[in-house]
There are 2 protein chains.
Amino acid sequence: MDQFFRSRDGGASPLDSARAVRPAARKARPAIRAENERALLEAAEQVFAEEGFGGATTAAIARRAGVPKANLHYYFVTKDALYRAVVERVLTAWLAAAASFDGSDDPREALAAYIGAKMDLARAMPLASRIWSAEIMRGAPMIQDFLDTTLTDWVAARETSVRRWIAAGKLKPIDAKVLFYMIWATTQQYANAAHEMATLNGGRPLDDAAFERAKRQVIATIVDGVTA
Amino acid sequence: MDQFFRSRDGGASPLDSARAVRPAARKARPAIRAENERALLEAAEQVFAEEGFGGATTAAIARRAGVPKANLHYYFVTKDALYRAVVERVLTAWLAAAASFDGSDDPREALAAYIGAKMDLARAMPLASRIWSAEIMRGAPMIQDFLDTTLTDWVAARETSVRRWIAAGKLKPIDAKVLFYMIWATTQQYANAAHEMATLNGGRPLDDAAFERAKRQVIATIVDGVTA
DNA sequence: GTCTATAATCGGATAGAC
DNA sequence: GTCTATCCGATTATAGAC
C-alpha cells in the first residue's frame, strides 16, 4: 500500500514513506496503542472530511479523539502522516469495490455489481469517501502514484473488456473512461452531497429504503444507457 | 443574490450579509478599484479551488493577485467576505445553466440542453465549479439559504415536469431527484476530477474534441437511460 | 507510554504613516 | 486610496517531567 503514497512536499520517493506510525515499544500494552490509534483515526476522518486537509487542525482532531494533542504527535509524527493513514483506509476499500467489476462476463451484470458496490461504499463510509473526492479535487497530492500506476492499469484492463463487449454488440460504441467517470461521480455523490440531498428531502437524511431505490435507479439508468 | 448567503458562523440573518465589499469613496478612481477587485477575485478563485476554504490563506491570495495583504483586507474586510464574493459568481452561472432545462416540452431535448449547459459550465469555469462542489461537500455553510429556498423550489417544479413526462409515457418511472443528483455529479466531475482525467489521458488535459465527445456520451447515456 | 508546558511559526486582521 | 509594520491568537511540533 505504501508504494502509492508520496509526501505532500512532492519530493519524496515511494520508498521513504515507510511507516507513518511509530513502531510500538517492546513490552508496551498493545491494547492502549490500538485504541488510541483507532480513536485518532476516527476523529481525523471526521475532521478532515468536514474541514479539508488545510482546514483541519491537529488540536481539533486530538480533542475529538479525547487525547492530548501531544499524544497525537506521538502516534502520528506529523499531520501529513495522520492524513496519509486515513487515506490508506479508503484506498483499501476502493480496491475492494473495484474487484466487483470482474465477477461476470456480461456487461449488465458487471456494471450492476460494480455500481452497487461503489454505492454501498459511499453509504457505508461517507466520511472517507468525501476525503477521497477532496483529495482528487485538490490534484491528488497524496495519491498521484496510485493514479499513475494501479488506477491507470485498472482502467486500461477494463477498457479492453468494454471494447470486447462493444465488438460483441452488447454495448453501444462508448468510451469506457467516460463511463467510469460517470460511475465514480454518481456514486461518490451519495457521500459528497449527503447534506444537499437531506436538505432536498425535507431536512432528513436518506433512509435505507430511499437509498436502495436510488441505487437501483442509478444502476438501471447507466446500464440501460450504455447497452445496445 | 445576497439573500442566499449567511455568514459562516451560522448566526446571521440574510439581511446582514449586506455588502461584502466596501463602498467606493467619493471621487475615487474606479478603474483602480475595479482592477484590484478583479485581480483579487481571480486569485481567490484559484487559491480557494486548490486549497479549500480552510487551507487558503489571505497572504497567498494577495501574493497571487500582486497586491499587499493589507490591501486585500481593504477591499474585502474578511476572508469570509472574499469567499462569499467568489461563490456568488458561480451561483449566478449555476442559475443561468438551470434555465436551459426549460427550453423544451420534450424530456429528451430538455435533458440534453441542461446536461450540455452544465458540462459547458464545468469546462468554462472549472475553478469556480470546484469551489461550488467543495462548498456542498462541507455541508454548504455559505449557501444553505440557496438550498433551502431557490434550489428546493427549482427541484420541486422540475419534479412536476418529470411526473408529467412519466404519465405521458415519455420517461421511465424514475425519481427526478435521483436523476438530478446524477446530472449534477457527472457534470461537476469534469471540473472536480480534471487532474485525474488528465492522468488517465496520458498526462494531458482533455482537449476540446475529447470533451465534446464526452459531453455527447454523457447526454446520450442519461437520456437513453431514463426515456421509456 | 503519557501529558504539561512551551517553542517557533503562521494566520487573519489592523494601525497609522504616506 | 495605498502599504509598511505589527498585533495577537492559533497552529504545528517538541522538550522534558512523570
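The following questions and answers concern a predicted model and its chains A and B.

Q: Is A:Val226 buried or exposed, and what is its relative accessibility?
A: A:Val226 belongs to helix H10 of chain A, which spans residues 208-226. Buried means under 20% relative accessible area. A:Val226 therefore counts as buried, its relative accessibility being 0%.

Q: Which residue of chain B does A:Val226 touch?
A: Residues up to four places away in sequence are left out of the contacts of A:Val226. Within chain A, A:Val226 touches A:Leu111, A:Leu171, A:Lys172, A:Ile174 and A:Leu179. From chain B, the residue touched is B:Thr221.

Q: What area is buried between chain B and chain A?
A: The size of an interface is often given as the accessible area lost when the parts come together. Here the contact takes 46 residues from chain B and 46 residues from chain A. B:Met137, B:Tyr181 and B:Leu200 supply 20% of the area that chain B buries against chain A, more than any other three residues. Carbon and sulfur atoms give 64% of the area buried between the two chains, which is about 4000 Å².

Q: Which residue of chain A meets B:Asp224 in a salt bridge?
A: Two salt bridges are found across the interface of chain B and chain A. In the one formed by B:Asp224, the N to O distance is 2.4 Å. The partner side chain is that of A:Lys172.

Q: Which helix supplies the largest share of the side of chain B that touches chain A?
A: Between chain B and chain A, 13 residue pairs are in polar contact. Helices H1, H6, H7, H8, H9 and H10 of chain B each supply at least two residues of the side that touches chain A. The largest share, 11 residues, comes from H8(B).

Q: How far apart do the C-alpha centres of domain 1 and domain 2 of chain A lie?
A: Chain A is divided into domain 1 (14-77) and domain 2 (88-226). Six residues of domain 1 are in contact with six residues of domain 2. The C-alpha centres of these domains of chain A are separated by 29 Å.

Q: What area is buried between domain 1 and domain 2 of chain A?
A: One salt bridge is found across this interface of domain 1 and domain 2 of chain A. The side of domain 1 that touches domain 2 has four nonpolar residues, one polar and one charged. Carbon and sulfur atoms give 68% of the buried area, which is about 600 Å².

Note on methods:
Residues numbered from 1 in each chain as written. Chains lettered and ligands numbered in written order. Predicted model: local features only at pLDDT ≥ 70, side-chain atom pairs only at ≥ 80, totals over all residues. Heavy atoms only, no water. Helix = DSSP H or I, 4+ residues; strand = E, 2+ residues; numbered from the N terminus. Buried < 20%, exposed > 50% of the residue type's maximum accessible area, 1.4 Å probe, protein only. Contact = heavy atoms within 4.5 Å. Buried area = accessible area lost by both parts, 1.4 Å probe. Salt bridge = Lys/Arg side-chain N within 4 Å of Asp/Glu carboxyl O. Polar contact = N/O pair within 3.5 Å; in protein donor to acceptor, adjacent residues only side chain to side chain. Domains from an automatic or database assignment. Nonpolar A, V, L, I, M, F, W, Y, C, P; charged D, E, K, R; others polar.
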